[in-house]
Amino acid sequence: MASIDHWHPLLLSRSLKNGPVAVRLAGREIVLFRAQSGKVGALEDYCPHRRMRLSLGKVVGERLRCLYHGWTFSCQGEGESPATPKLYACAGRFDVQESHGAVWVKSADSKAQMPKFDIDGFYNICNLHHRVKAPLELVVDNFCEIEHTPTTHAFFGYPLERMHEVEVEFETTDTSVRVINRGPRKDFGTVLRWMLGIGRDYHFMDDWTTYFSPVHSVYDHWWQHPVTGRENMVRWRLYIFFTPADENETVLTTFAFTKSRYPGPAGGVRLFRWLMRRKLDHEIRLDVRILEGLADKNPNIDGMKLSRFDKVLGLNRERIERIYRGNA
Ligand code: FES
Ligand SMILES: [Fe+2]
């Protein structure tokens, strides 16, 4: 399989309204459009006539009309020319699906499965979209180790002066890499601590698994007492998809959920949704800023001096190459 053969969340559904939108996947230019019926089409972003960008066109009923000479294309890519009705023209098409508030795309002939969301009892806080000017591997590296959390993050992760106490464990299968961290939590505001039901001596727990069709990690974040095992009231589950726009840019699509043990609808989380969304968006922007500051954006790990938290880098790279890119 090649990278475009996997299902990727290329756009949040709320960003696809009346007009077509240009997106990129592993260097391929794709146009997404929503027909009047609500159905979504994903085509190569160039017109088979004289290669105008279809994303500059307009949706007319069930079809996308090219800006240049007005040829139109269905969601399946079947073209019609108003000036030459008998002409047969086809725009390249992709498979497309809409779910979890995003538009997902893969190449038309692949058999890849849609990634599964295990969110029973969880409440969707928000879906977010961020662009990072860095290659896929380096972005995944950042999201798969917690040694950067003391300096980069305000909320998730561990304090620098106690980082040496943090434990890390790895569990792998042929197709996944799991990382578990536990250690003393960061000190953040009392309001937030109280809202999330975090006891004073609780530790921060981080347990995530990365999968490679497409490349994404599923994170569980919670706080718990190191001796009694008592957990805080609200647990986070994040699905973060790492989609290469091209070799130098990666798009992050985050689906954020929480499970709350407080009473009431969605465990009272609905009221604080805006705050949690803001916190999370801020935390991800901090990662983006760090990544864009890298002096060398070569994804090769040879020559890097790696730490005890970095074993995951090599494990992920092997699977990205084999499963995601299809290189033996
Ligand atoms: S280039 Fe699209 S109709 Fe001519
Ligand atoms: Fe981070």
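Predicted model: local features only at pLDDT ≥ 70, side-chain atom pairs only at ≥ 80, totals over all residues.
Local features were taken only at pLDDT of at least 70 and side-chain atom pairs at pLDDT 80 or more, whereas totals for chains, interfaces and linings use all residues. Residues are numbered from 1 along each chain as its sequence is written, and side-chain values use heavy atoms, without hydrogens or water.

Helices (H or I, at least four residues) and strands (E, at least two) are DSSP runs numbered from the N terminus. Buried denotes a relative accessible area under 20%, exposed over 50%, and partly exposed a value in between (1.4 Å probe, protein chains only). The buried residues of H1 include the charged Glu137 and Asp141, along with Leu136, Leu138, Val139, Val140, Asn142 and Phe143.

Helix H4 covers residues 273-292 and contains Leu280. Leu280 is buried, with a relative accessibility of 2%. Leaving aside residues up to four places away in sequence, Leu280 is in contact (heavy atoms within 4.5 Å) with Cys126, Leu128, Phe156, Trp236, Leu238, Thr254 and Ala256. The C-alpha atom of Leu280 is 35 Å from that of Leu54, a residue 226 places away along the chain.

Several loops carry backbone features of note. Most residues other than glycine have a negative phi, and most peptide bonds are trans. Ser213 and Pro214 are joined by a cis peptide bond with omega of about -5°; Pro214 belongs to the loop between strands E15 (203-212) and E16 (215-224). Ala26 has a positive phi, near 45°, and is located in the loop connecting strand E2 (21-25) to strand E3 (28-34). Its relative accessible area is 34%, so Ala26 is partly exposed. For His100, phi is also positive, near 50°. His100 is in the loop between strands E10 (94-99) and E11 (102-107) and is partly exposed at 35% relative accessibility.

The structure holds 26 salt bridges, each defined by a side-chain nitrogen of Lys or Arg within 4 Å of a carboxyl oxygen of Asp or Glu. In one of them, Asp95 and Arg93 meet with an N to O distance of 3.2 Å. Asp95 is buried at 18% relative accessible area, while Arg93 is partly exposed at 34%. A salt bridge of 3.4 Å (N to O) is formed by Glu167 and Arg182. This pair links distant parts of the chain, with Glu167 in strand E13 (residues 167-172) and Arg182 in strand E14 (residues 176-184), 15 residues apart. Glu167 is partly exposed at 45% relative accessibility, as is Arg182 at 29%. Glu231 pairs with Arg235, their closest N and O atoms lying 3.4 Å apart; Glu231 is partly exposed at 31%. Salt bridges with shared partners also connect Arg24, Arg131, Lys133, Asp246 and Glu249 in one network.

A surface patch of positive charge is made up of Arg14, Lys17, Arg270, Arg273 and Arg277. Patch residues have over 30% relative accessible area and no salt bridge, with like charges joined within 9 Å. Lys17 is in the loop between strand E1 (8-12) and E2 and is exposed at 57% relative accessibility.

Terms used: Chains lettered and ligands numbered in written order. Patch = residues over 30% accessible without salt bridge, like charges linked within 9 Å, V, L, I, M, F, W, Y side chains within 5 Å. Areas by Shrake-Rupley, 256 points an atom, 1.4 Å probe, with all protein chains shown as cover. Charge placed at Lys NZ, Arg CZ, Asp CG, Glu CD.
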